[in-house]
Amino acid sequence: MKRLPPLPALHTFWVCAQCCNFTRAAEQLHITQGAVSRQIAGLENHLGYALFQRQSRGLSLTEEGREWSLRAQQVFGLIGDAVEQIGSRRHTLQLKASTCVMRWLLPRLMQWQKERPDVPVELTTTVAYTVDFRREQFDAAVIYAPIAEQSAEARHLFDEQLTPVCAPALLAGLNQPADLQQHVLLHPTRDERDWALWLTAASTQLSNLAQGHHFETLDLAMTVASQGSGVAIGDSALIGEDVKAGRLVMPFELRVPTGMGYYLVYPPSTAPSEGLEVLMDWLVSQAQHP
């Protein structure tokens, strides 16, 4: 394969081709006119043909020079685009989070982008509760994990505390936990463990525990609950925005901790960037002062 021309000389040619004047090109490149002449001569020697016609009134491009001018414009245009696009991606924080935390996280990230447009965040959602930084290229992740098992890289957001939630229209019929017997129970998982845990803490037994509707995600269960189709069990911290907006209400005071929590984590092998550090501090403060 033929050896490619040196990129610095090609760039010098491109600048010269735009003005057809070695002196002006030297001023733009912040080098001497002699250096420009030597680079152009070296490039022509490498290619085996002239790129400029030297005339008493100045320079003009040869036919080959005009061809190279068009190609050089394309090449350096692509390089310029790459610098802008790749640099932009590099400074955009890549954040991963499970769908169950979206009701809490998404409104806050939207607020963050209004307050700090200089630190953009790209969010990837998943049904998985964890992250493997050895295989996944994220700057940070919001994970759902046991409270007692977190590393030094984990920033605590909040602990999971379960409580029933429903649409405001159902509130009047829910004066005590036993009243849940008269309602459809919505399960955010394929099993009944969340409801079973809360009912045990409430010293209540229901015969309709296994007769409700089961969903793949907490978000879907909350959406159905807000439509008045039943009573769901959910994390009191995650549904705060729905309660503020009046879409959901929490009919009982009892909040039952599960031993699980939500954490911000980042790769253990690298220190967080300044932008990530600021974002994590901000999200932690949002969790502590909702």
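Colleague: Which residue stands opposite L95 in β5?

Modeller: A140 does. This is a predicted model: local features need pLDDT of at least 70, side-chain atom pairs count only at pLDDT 80 or more, and totals for chains, interfaces and linings use all residues. Residues are numbered from 1 along each chain as its sequence is written, and side-chain values use heavy atoms, without hydrogens and water.

Colleague: What makes two strands a pair?

Modeller: DSSP must find at least two bridges between them. Strands are DSSP runs of E, at least two residues, and helices are runs of H or I, at least four, numbered from the N terminus. Here β3 and β5 pair in the parallel sense over three bridges. β3 (residues 93-98) is also joined to strand β4 (residues 121-126), in parallel, by six bridges. In β4, T126 is the bridge partner of S98.

Colleague: How does the chain cross from β3 to β4?

Modeller: Through helix α5 (residues 102-115), in a right-handed β-α-β crossover. Right-handed means that, with the strands pointing away from the viewer, the path from the first strand over the helix to the second runs clockwise.

Colleague: Where do side chains point in a regular strand?

Modeller: They alternate between the two faces of the sheet. In β3, L93, L95 and A97 lie on one side, Q94, K96 and S98 on the other, all buried. Buried means under 20% relative accessible area, exposed over 50%, partly exposed in between (1.4 Å probe, protein chains only). Six of the six residues of β3 are buried, so the strand is largely enclosed by the rest of the structure.

Colleague: Is V75 buried, exposed or partly exposed?

Modeller: V75 is partly exposed, with a relative accessible area of 34%. V75 is found in helix α4.
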